[in-house]
Amino acid sequence: MRFAALLLFVIFAGLTLSSSGCYTFNPIKGNSPYSDSTTVRVAAFTNNASLAKATLPQTLAEALRDAIQSQTKMDLVPRGGDLVYEGTITGYSISPVSIQAGTTQTAALNRLTIVVSLKFTDTKDDTKSFETAFTRFADFSTSQSLSAVEDELIKDIGNQLVQDMLNRSINNW
């Protein structure tokens, strides 16, 4: 009898919470401040970083489009859009980190850093529009050449940048 009562309580509590809208697993799909926005445009990213790989702008724009499609209920559109993302790659650099002491100071790791300037426009509420730069990096061993690990590093850094962009724009973090 106690088991049946407990089971009924759990089912009732679960239905109440899920139907009341007070909790959703993904804030972008549920309690987003953009619940009235239905369309998003991700403009082609541009590259102003001299060392960046030629495919980086397209890679980042596609990653942002994929994340919007998988994490929101909004539709991507080629023109217009309630929300508009415009990005420019402004930094792409490799620097030594984790210097090892000894007779010859050498780096144990190198760091690839990517900086993206983002202009986010909310056409329905201009107070939510912004322009800011996002920076992320990943380290790799000095025993590896950049060309051997660059694609994987770009993928990892790109995913972090995209989440930062979505968190700032749609999740309002």
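Strands here are DSSP runs of E, at least two residues long, numbered from the N terminus. All the views below come from a predicted model.

**View 1. Thr 113 sits in strand 5.**
Strand 5 covers residues 106–122, and Thr 113 is part of that run. Thr 113 counts as buried because its relative accessibility is 14%, and the cut-off for buried is under 20%. Look next for Ser 93: Thr 113 and Ser 93 are 20 residues apart in sequence, yet their C-alpha atoms are 5.3 Å apart in space. Leaving aside residues up to four places away in sequence, Thr 113 touches Gly 91, Tyr 92 and Ser 93, along with Thr 135, Arg 136 and Phe 137.

**View 2. The largest nonpolar core has 34 residues.**
Which residues touch the most other members of this core? They are Phe 45, Leu 64 and Tyr 85. At least two core residues come from each of strand 1 (39–42), helix 2 (56–71), strand 4 (83–100), strand 5, strand 6 (130–141) and helix 3 (146–169). Helix 3 gives the largest share, eight residues.

**View 3. A closer look at Phe 45 and its contacts.**
Not counting residues up to four places away in sequence, Phe 45 touches Pro 57, Leu 60, Ala 61 and Leu 64, as well as Gly 87, Val 116, Leu 118 and Met 165.

**View 4. Helix 3 has a kink.**
From first C-alpha to last, the 24 residues of helix 3 reach 32 Å, close to the 34 Å expected at 1.5 Å a residue. Where is the kink centred? Find Glu 152, where helix 3 has a kink of about 30°.

Conventions
Residues numbered from 1 in each chain as written. Predicted model: local features only at pLDDT ≥ 70, side-chain atom pairs only at ≥ 80, totals over all residues. Heavy atoms only, no water. Helix = DSSP H or I, 4+ residues; strand = E, 2+ residues; numbered from the N terminus. Buried < 20%, exposed > 50% of the residue type's maximum accessible area, 1.4 Å probe, protein only. Contact = heavy atoms within 4.5 Å. Core = buried A, V, L, I, M, F, W, Y, C linked by side-chain atoms within 4.5 Å. Expected span 1.5 Å × (residues − 1). Bend = angle between axes of the 7 residues up to and from the residue.
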